[in-house]
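Open the model in a viewer and keep the sequence panel beside it. The stops below are meant to be selected in order.

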Amino acid sequence: MKIRKRIMSVLLAVCLLVPCFSNVVLAADGIIFFSDLETKVGDTFTITGTVVARNDVLGEATVEMSYDTSCMQFMEGEGVTDNGSGKLVYTGSGNGSSDRTEFTMKFQALKEGDTRLEQGTATVTTESGESVTCEEGYADISIGEGDPSKIQPVGKSAEVTIDGVNYTLSEAFSEAELPENFATGEFTYNGETYKGAVQANSGITIAYLVDDQKAGSFWVYNTESGEFYPFEEIVVSDTHSIVILNDISDVKLPKKYVEASVEINGQAFPAWLEPDRAEFYIMYAVNNEGQKSLYLYDSSEHTYQRMETPKTASTPKKKATTWDKITEIVTDYLLWIMVGVGCLVVILLVFLIVLAVKLHHRNVELDDLYDEYSIDSDNVPGDIEDRKVVKQSKSIEPDYDDLEDEDFDDDYDDDLDELKEDLKLGYQDDDFDGLEDEDFDDDFDGLDDDDFDGLDDDDFDDFDDDFDDFDDEYEEEPVRKSSSKRAKKADTFEMDFIDLD
């Protein structure tokens, strides 16, 4: 009985030991290590990596590594791929008989200081396909003072200056670093073709630039202008992302939207201030479907919302109508238009005032003229013939004003002398010499009937005819004016004659 129990105990112990032996075989032990070294700035150096599968033949090995790109730059390595931004991947295998394999990587020192090459994820198997668990290794590098002029960019590169800052156009990036919805492509810069990336839907091209600190990042490259702009991709949902655009030359917003600048992840982008809404900006972006639009950005919560384009805003996709152009011009220059209209109104007002004053002075002059020539304004002739008559009457009127009393008396005396000649009745001229008017009157009064003997009726008839002619002549003569006194129609001339019968 005791013997049987002892046998059962031994069998149980053996059964428990069998799984343990099996686990040890499946989980083979391995290690990865790198060589340490010292170097100088500008010098190249080589780091050796070793993968070991203990107590077994090494099969396949894939090792990921990382390093500080500001301290050193990768130049080349057998079986090593540079995925950009300090990421390296080694892929290799053993020789079929050894438990280990080695690989080398060539670097160049960029600046003084201590840095490290670290191992990341590793996948190692034995020749039979069994997985090997490896301890993580690393390499410490000490970089001393050297010659920075020896530093040379790796692969095809070009110098690029943006806002006074120098960058190196590089092709040292991996597809794993590409932004979402971008694929590897090519572009031309200064006549040379370089590796870059392109978004198929929008046609946006990005390039990889490295600054003087050896830090690389993607920049938007404008293939038309040859300029570089900061690149920033924003994920707004599970299915959509946007790329903020720096070139806003094809967008116009109303005057109330003031242009500004917004910093996002250390890069400045153009934007417009949202009126009366603090911390809100309008930005121009393109989504992963290639559609360009305006987005409202909340700088406080860092959210983005697509918004409708303001009605007065215009883009090259929409052709503005003539009315839209006129409205935009009026809106932009409303103040100057109002000033111009105001000046025009003032000029017209001054013109009307001057015209009214001139008309007033003319009416006053006409009234004075009517008063001067005794013209009744109610009877002013309206046609040309009447005006001629008025003109003629005006030309006659001053003739009477120029006549003096002496002119009138001379004409009257001449006619009176002729009458005296007719009254001589046989007298000779010599008989009247020296006689004055008074003498003539006295002599005439002293005549008696005998003095007129021999005169017949015919003689007196002739006298009557002469007198009548004299009287008719002065009745038909128009009234003449004098400087001191005007003649009146009622004035008459009287002469007494002696009745001879």
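This is a predicted model: local features need pLDDT of at least 70, side-chain atom pairs count only at pLDDT 80 or more; totals for chains, interfaces and linings use all residues.

**Whole chain**

The secondary structure consists of seven helices and 25 strands. Of the 501 residues in the protein chain, 29% are buried. Among contacts between residues at least 6 apart in sequence, 59% join residues at least 24 apart.

**Rings around F107**

Next, show the aromatic side chains, which give 14 aromatic pairs. Select F45 and F107: this pair is stacked, with 5.8 Å centre to centre and 20° between the planes. F45 belongs to strand β3 (residues 44–53) and F107 to strand β8 (residues 100–109), so the pair ties together parts that are 62 residues apart in sequence. Is F45 buried or exposed? F45 counts as buried because its relative accessibility is 6%, under the 20% cut-off. F107 is buried as well, at 0% relative accessibility.

F74 lies in strand β5 (residues 72–77), so its pairing with F107 in strand β8 ties together parts 33 residues apart in sequence. F74 has a relative accessible area of 8% and is buried.

Centre the view on L117. Which residues does L117 contact, leaving aside neighbours within four places in sequence? They are F34, I47, M65, S66, Y67, M72, M105, Y138, A139 and I141.

In soluble globular proteins, nonpolar side chains tend to be buried together.

Select F187, Y189, Y194, Y221 and F228, which ring pairs link into a cluster. Then go to Y138, one of the contacts of L117. R116 lies over the face of Y138, at 3.9 Å from the ring centre.

**Two serines in loops**

Select S70, in the loop between β4 (58–66) and β5. S70 counts as buried because its relative accessibility is 15%. Its side chain makes a polar contact with the side chain of D68, at 2.7 Å. Not counting residues up to four places away in sequence, S70 touches L110, K111, Q213 and K214.

Finish at S225, in the loop between β17 (216–221) and β18 (228–230). Where S70 is buried, S225 is partly exposed, with a relative accessible area of 42%. Which side chain does the side chain of S225 meet in a polar contact? The partner is the side chain of E227, at 3.4 Å.

Note on methods
Residues are numbered from 1 along each chain as its sequence is written. Side-chain values use heavy atoms; hydrogens and water are left out. Helices (H or I, at least four residues) and strands (E, at least two) are DSSP runs, numbered from the N terminus. Buried means under 20% relative accessible area, exposed over 50%, partly exposed in between (1.4 Å probe, protein chains only). Contact means heavy atoms within 4.5 Å. Rings of Phe, Tyr and Trp (its six-membered ring) pair if their centres lie within 6.5 Å; planes under 30 degrees apart count as stacked, over 60 as edge-to-face and the rest as tilted. A charge sits over a ring if NZ of Lys or CZ of Arg is within 6 Å of the ring centre and within 35 degrees of the ring normal. A polar contact is a pair of N or O atoms within 3.5 Å; within protein, one must be able to donate a hydrogen and the other to accept it, and residues adjacent in sequence count only if both atoms are side-chain atoms.
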